[in-house]
Amino acid sequence: MKQNTKGSIKKKTISMLTTVGLIVIFAAYMFPFLMVVINSLKQKRDIIKSPFSWLFTIKGLSFDNFAKAFTQMDFLNAFKNSVFVTVSATLLVTLLAAMLAYYIVRHNNVISKLTFALMVASMIIPFQAIMIPLVSIYGGMLNLLNHRLTLIFMHTGFSMAMSVFMFHGFIKGSVPIALEEAAYIDGCTRSQTFFKIVFPLLKPIISTMVILNALAFWNDFLLPSLVLSDKKLLTLPLSTYSFYGTYSADYGTIMAGLLLCVIPIMILYIVLQKQIISGVVAGAVK
Amino acid sequence: MKRKNNGKDFCMFALPGMFCFFAVVMVPFLYGVYLTLTDWNGVARTKNFIGLTNFLGVIKDGQFWTSLLLTFKYVILVVLLVNILAFFLAYLLTRGIKGQNFFRAGFFTPNLIGGIVLGYIWQFVFSRVFVNLGEATGWNLFGVSWLSDPTKAFIALVVVSVWQLSGYMILIYVAGFMGLSEDVMEAAGIDGATGWRKMRSIVMPLMMSSVTICLFLTLSRAFMVYDVNLSLTAGAPYGTTAMAAMHVYEKAFTSRQFGVGQAEALILFLIVACVSGIQVYLTKKKEVEA
């Protein structure tokens, strides 16, 4: 008995120590965000004097920085562009990849085998190995740069291989062909079978892919920076970049601007935390 | 289940997706291989076939090799630190501590934010907050901004990358730890395995599949680092912290040497492909089934 209580005390101490250790590490992780939040409300002279002083010790706090950043970044416009590009590209790649994967799984011919093999192999090609010819083809030859639709099309193309790969695995494993045969006998056409029977069954993998793709599109910088240069078309990461270049000495405004970029995704994260985390894990482990 | 009009099926289901993929990935990739054999400067209407001259240019481009060497150093440091830290934290976060879900979610937050924004946040931390801390405490380590010294700026880049990537790897390792079978752990305990011994002989081999994934992800991301590099240091001071991906970008779009830039990009691609191929082969060999 005595042994037992001793053991449980030891266990409790260990668990206490772990918790304390974790809190310390966690605080260190969150420190940069804390700095942004605190300093976004201060004026420049107070930031230079002391970036960490807590808010209540400083007079003259205001939301002026936010108002300034909001207009200087053309936040609303950039936000709209980001939403438009992210939503359209995510929808497009989800639909097209699911259909292509479905075709590949159900048609065991040369084209599907070859396409699938090429897609899997292509997943290792980094974007940097394609960006130069991409700009040369779409800019130099076709003159299609500076359109949001071009960016959407490219996002779709780049995430196609990975998405098809994931859908392929899921359809092969969890969509029984007997179901489709039944639908066929009941008189469904191929597209009816797909949209009414198969597509609804793909829900789990669809939510994973939507999360992974949408996050990647929302935060991407390099591809949009190559495609879009017109000020009216910039997405959030691009407008942050140009905003920072112009106002880098105006710390308060910069911090407010950075915070503005982070807020929308944080709200989404708080609402959809479980789905996002399980989606990201599922996407990596497959 | 044989049906007619296979052609219609193909056009409707397969063609749109295939078109996107081929138009954006395959065609540019192959065209890129061709570009390395020409002297195109990005503007001129004509390109001349110049054989392997661009690859000779790559060999002569000392800056490329410096940046590649730096990238190797960076990759080794980041991959090791990220995985050790994430493995350790994931272990702590599966001990049944109160609020462990909150911690997991919190550690993941940097992954939701784009590299550009993260880099700027840290630039502020390194150049203002730490310097101020140095002035206030007289601590020499933070006396001058880290970003103005080549070695320290490099370390800063490693710190930020580790901070950014570890949250993601924590989630994967947590999933791995949760997947460990209770029976095996109990059996190991009954056989007298505890502490380090249990970790080395039981837990590690069973965790190898997570290790394979995490190493692969960190390797490929670290090799291609660009966003954080651009916003945190932009290669400063004096181009000493420009990683290979940034060098490729500048070679092509700033110096307008598209052929050489593309040749360097292809070399980088081959290196990444070989390194991650070897890594997956080696760690997969160590994987065991419970």
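Visitor: In chain A, which helix has the lowest confidence and which the highest?

Guide: The model is predicted, and in chain A the lowest confidence falls in helix α2 (residues 44-49), with a mean of 79. The highest is in helix α4 (residues 75-106) of chain A, at 95. Averaged over chain A, the pLDDT is 88, and 95% of the residues score at least 70.

An unreviewed UniProt entry annotates residues 79-272 of chain A as "domain: ABC transmembrane type-1". Over that range the chain is 81% helix and 0% strand, and 20 Å separates the end C-alpha atoms.

Chain A also meets chain B: 69 residues of chain A are in contact with 67 residues of chain B. Helix α13 (residues 251-285) of chain A supplies the largest share of the chain A side, 13 residues. By type, that side of chain A has 53 nonpolar residues, 14 polar and two charged.

Within chain B, helix α8 (residues 195-223) and helix α11 (residues 258-286) have axes that come within 9 Å and cross at roughly 175 degrees. Angles over 145 degrees count as roughly antiparallel, so α8(B) and α11(B) are roughly antiparallel to each other. On α8(B), the contact residues include B:P205, B:M208, B:L215, B:F216 and B:F223. On α11(B), they include B:V272, B:V275, B:Q279, B:K284 and B:K286. The contact of α8(B) with α11(B) comprises 10 nonpolar residues, five polar and two charged.

Notes. Residues numbered from 1 in each chain as written. Chains lettered and ligands numbered in written order. Predicted model: local features only at pLDDT ≥ 70, side-chain atom pairs only at ≥ 80, totals over all residues. UniProt positions renumbered as here; feature names shortened; annotations may be inferred. Helix = DSSP H or I, 4+ residues; strand = E, 2+ residues; numbered from the N terminus. Contact = placed C-beta atoms within 7 Å. Nonpolar A, V, L, I, M, F, W, Y, C, P; charged D, E, K, R; others polar. pLDDT = per-residue confidence, 0-100. Axes fitted to C-alpha atoms, helices over the stretch in contact; angles between N-to-C directions. Parallel < 35°, antiparallel > 145°, perpendicular 65-115°, else oblique.
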